[in-house]
Every structure is written in structure tokens, then in C-alpha cells.
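Open the model in your viewer and keep the selection tool at hand. Each stop below says what to select and what is there.

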Amino acid sequence: MMTTIRLFGNNITVMRLFGVQFSPLNNNNMQQQQQRDDRVMDMPDLLPPSLRLNIESVRGSESVYMGRKYLENSDTNLSLSRFLIPAECATNLLQHMTESEREKIQSDDDRGIDISVMDPKGDLHDMKFTEWKSLKRLVFNRGWNKLVENNQLHKGDLLSLWHYRSFNNKPCFAVNIIPKPKQ
């Protein structure tokens with residue numbers, strides 16, 4: 001018996017044989033998968049289990065998915081020392097901040113707020129979360145370089161971002177990195 005299901009944006013034909021479901025491989029399906037450069041964009045916005053356990057170990061709150069971004073040269077350039085938050089994530093990020101935090105982030109003096117960012121290894125990196133008036137964009141800076149170096153980030157890597165609160169209600173973020181495929 002053959003059935004077609006949709007999984008991560010792809011139609012997959014599965015066969016049930018003796019009570020076991022499996023998907024027959026054919027060259028056409030494999031070629032389509034290899035040609036897709038954006039295949040990771042079809043992944044669900046689920047926090048990886050290891051990152052979830054690391055957040056729980058520091059008594060963090062439930063995490064909320066914020067968005068993802070393919071890193072640009074400017075995000076990995078150590079002389080710039082900042083992560084430029086995608087514009088489409090900015091409104092969502094600010095909605096998860098308190099009124100006082102939003103005021104500090106968007107203040108004219110660029111003081112921002114102190115945050116911690118957890119990398120995929122579970123290491124915490126202290127940073128500032130602020131709005132750069134010159135770009136009218138939100139950024140993580142003052143500590144971003146350490147995360148870049150420790151995780152060997154490169155242009156083209158895919159960064160997924162989640163927000164959570166620490167046990168003392170400090171705003172925190174967790175990032176998962178999917179390295180750019182080697183060519």
C-alpha cells in the first residue's frame with residue numbers, strides 16, 4: 001500500500017509492508033534534495049533537545065522561537081563585534097521585553113540592556129541588546145565576538161534564535177547554529 005505524505009515541505013511516498021512504513025529511495029528524490037539550497041528552512045522551529053536541557057539546567061523559562069538568519073560577513077567580522085538582528089524578528093523580540101527593557105533598548109543614549117546568549121554548547125555569553133540609531137536596527141554586541149570565535153561562525157551559517165528568561169527574570173537568548181554546507 002502506497003501513501004504520499006508531506007514532510008518538511010516535501011511530498012514523500014511511503015510504503016507499508018508487513019506493518020512497517022518506509023520510503024523507497026529513487027534517484028529523482030535524492031537529486032531534488034541535493035539541489036535544494038534552502039532545505040533547512042523547511043525544518044520546524046523546535047529547540048534542539050541539548051539546548052533545551054541546557055536552558056533547564058540554568059533554571060530558564062520556557063523558550064520562545066524568534067527567527068533565523070543566514071549569517072553575513074558583518075555578523076562574523078570581529079572588528080564590527082555585533083549581530084545584526086533581522087528586521088522581521090525585531091517586533092517579535094521587543095514584544096517579549098518589558099516596557100522598561102524596551103525603553104532602555106530604544107533609548108537615544110544606546111545604553112541597551114544586559115543579556116546572556118547561550119550558544120549550542122551551553123556556554124553563556126554576556127552581551128548588550130540595543131538599537132543602533134544609525135541603522136535603525138536591533139543588535140547584540142559587547143560580547144558577540146567571543147560567541148563567534150568559540151563557535152567558529154562563518155558567513156552562510158544559519159543561526160536560529162530563541163528567547164527565554166533566567167531564574168531572576170533577566171532576558172536571555174539561545175542560539176543554534178547550522179554550519180554552511182561545505183562545497
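**Stop 1: the aromatic cluster**

Select F83, F129, F140, W144 and F173: together they form one aromatic cluster. Rings of Phe, Tyr and Trp (its six-membered ring) pair if their centres lie within 6.5 Å; planes under 30 degrees apart count as stacked, over 60 as edge-to-face and the rest as tilted. A search of the whole structure finds six aromatic pairs. One of them is F129 with F140, which is edge-to-face, at 5.3 Å centre to centre and 85° between the planes. F129 lies in strand β7 and F140 in strand β8, so this pair ties together parts that are 11 residues apart in sequence. Are these two residues, F129 and F140, buried or exposed? F129 is buried, and F140 is buried too. Buried means under 20% relative accessible area, exposed over 50%, and partly exposed in between (1.4 Å probe, protein chains only).

A word on the model before moving on. It is predicted: local features need pLDDT of at least 70, side-chain atom pairs count only at pLDDT 80 or more, and totals for chains, interfaces and linings use all residues. Residues are numbered from 1 along each chain as its sequence is written, and side-chain values use heavy atoms, with hydrogens and water left out.

**Stop 2: the whole chain**

Zoom out. The protein chain has six helices and 10 strands. Helices (H or I, at least four residues) and strands (E, at least two) are DSSP runs, numbered from the N terminus. Buried residues make up 38% of the 183 residues in the protein chain. Contact means heavy atoms within 4.5 Å. Among contacts in the protein chain between residues at least 6 apart in sequence, 55% join residues at least 24 apart.

**Stop 3: the sheet**

Now colour the strands. Seven of them form an open sheet, in the order β4-β9-β10-β6-β7-β8-β5, and the pairing is mixed. Two strands pair if DSSP finds at least two bridges between them. Which strands stand at the edges? They are β4 (64–70) and β5 (82–84); each has a single partner strand, so one side of each is left without a neighbour in the sheet. Neighbouring strands of this sheet are turned by 30° against each other on average, direction ignored. Axes are lines fitted to C-alpha atoms, for helices over the stretch in contact, and angles run from 0 to 180 degrees between N-to-C directions.

Three bridges join β5 to strand β8 (residues 137–141), and the two run antiparallel. Select R82: it stands opposite N141 in β8.

**Stop 4: helices on the sheet**

Select residues 49–57, helix α2. Helix α2 packs on the sheet and touches β6 (113–118), β9 (158–165) and β10 (171–178); its direction makes about 160° with that of β10. Next, select residues 87–95, helix α4. Helix α4 also packs on the sheet, touching β4, β7 (124–132), β8, β9 and β10; its direction makes about 160° with that of β4.

Stay on α4. Which of its residues are buried? C89, A90, L93 and L94 are the buried residues of α4. They cover an arc of only 130° around the axis, which puts them on the same side of α4. That arc is taken from the directions from the helix axis to the C-beta atoms. What covers these buried residues includes β4, α5 (99–105), β7, β8, β9 and β10. Turn to the face pointing away from the buried side: there sit the exposed residues E88, T91 and Q95.

**Stop 5: a residue in β10**

Select I177, in strand β10. I177 is buried, with a relative accessible area of 15%. Its C-alpha atom is separated by 4.7 Å from that of L159, 18 residues apart along the chain. Leaving aside neighbours within four places in sequence, I177 is in contact with P120, L153, D157, L158 and L159.

**Stop 6: two loops**

Finish with R59, in the loop between α2 and β4. R59 is exposed, with a relative accessible area of 55%. R59 lies over the face of F167, at 4.3 Å from the ring centre. A charge sits over a ring if NZ of Lys or CZ of Arg is within 6 Å of the ring centre and within 35 degrees of the ring normal.

Check the backbone too. Most residues other than glycine have a negative phi. Phi of R59 is near 60°, a positive value. Now select N169, in the loop between β9 and β10. Phi of N169 is near 75°, again a positive value in a residue other than glycine. N169 counts as partly exposed, at 46% relative accessibility.
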